[in-house]
Amino acid sequence: MLRSFARMGFSALALCAAGALVAPRSTRAYSVTGWSLGLDQRKVGVFDNFTDATANDNVAQHPNWPGFTGVELACWKAVTEWQSELFGDGSGDPLQSDGVGSGGANFAPAWCGSVTGIGGANGDVISELQGSGGGVHAFTEFVSSGWRIRLYSEWLWDDGPGAPVPGALDVQAVVTHEYGHALGLGHSTVAGATMASTLSGDGTGSSSI
Ligand SMILES: [Zn+2]
């Protein structure tokens, strides 16, 4: 688990284990957990309790995601990658030459911006969790009515855009992976895939699905 990207919580643990059993026979870039996010569960919010200065040092807005900077902007970029087509004009991530939203997925999230708390397990909120996950960077909880994503404060987080500072992990990339779990995807055995269970380097390669 030292380099494990994420871990399911609560009742999702059994579903995740079931997915892991079939994953080695698959060459697809993901597996499925048995859970899927409903089309009426599109909302995404961020509770900005992130403690690293590098998680909130991007002060440049981008016209594709107006009104937000820092960790909120990084998370908003991450979830829009799961759309079926380019988000806006696709620009805004210097590490994705093919554009944000180019992966051909098919889920358009509804951005709710900043919220005031971590929410419940069905609150559809991304936030930091104080402490260590024993090598886990982040995890996604999901219940029948929604999800919650937590990033452990043990790691140094960077909001980008572009490559994180040395030693930091890319918020956008990790949230792209975790939101895949929220949508119902399990881990992939394909190295370098967004849904691969292990993080490569600073994680930025996971931003593009
Ligand atoms: Zn994961």
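The protein exposes about 8700 Å², and carbon and sulfur atoms supply 58% of that area. Accessible areas come from the Shrake-Rupley method with a 1.4 Å probe; for residues, only the protein chains shown count as cover. This is a predicted model: local features need pLDDT of at least 70, side-chain atom pairs count only at pLDDT 80 or more, and totals for chains, interfaces and linings use all residues. Residues are numbered from 1 along each chain as its sequence is written, and side-chain values use heavy atoms, with hydrogens and water left out.

**Confidence**
- pLDDT is the predictor's confidence in each residue, from 0 to 100.
- The protein averages a pLDDT of 87, and 87% of the residues score at least 70.
- Residues 1-26 stay under 50. For this stretch the model has 60 contacts beyond four places in sequence.

**Overall fold**
- Three helices and ten strands make up the list of elements. Helices (H or I, at least four residues) and strands (E, at least two) are DSSP runs, numbered from the N terminus.
- Along the sequence the pattern reads β-α-β-β-α-β-β-β-β-β-β-α-β.
- Of the 209 residues, 54% count as buried. Buried means under 20% relative accessible area, exposed over 50%, and partly exposed in between (1.4 Å probe, protein chains only).
- Contact means heavy atoms within 4.5 Å. Among contacts between residues at least 6 apart in sequence, 64% join residues at least 24 apart.

**Zinc site**
- H177, H181 and H187 coordinate the zinc ion, each through NE2, at 2.0 Å.
- Donors are N, O and S atoms within 2.8 Å of the metal (3.2 Å for Na, K and Ca); water is not among the atoms, so sites may look incomplete.
- The donor residues follow the spacing H-x3-H-x5-H.
- H177 and H181 are separated by about one helical turn, because they sit four residues apart in helix 3 (residues 171-183).
- Both H177 and H181 are buried.

**Loops and backbone**
- G131 lies in the loop between strand 5 (125-129) and strand 6 (138-143). G131 is partly exposed, at 31% relative accessible area.
- Beyond its neighbours within four places in sequence, G131 is in contact with Y152, S153 and E154.
- Most residues other than glycine have a negative phi, and most peptide bonds are trans.
- D124 has a positive phi, near 60°. D124 sits in the loop between strand 4 (110-114) and strand 5, and is buried at 3% relative accessible area.
- G160 and P161 are joined by a cis peptide bond, with omega about 0°. P161 is in the loop between strand 8 (157-158) and strand 9 (169-170).
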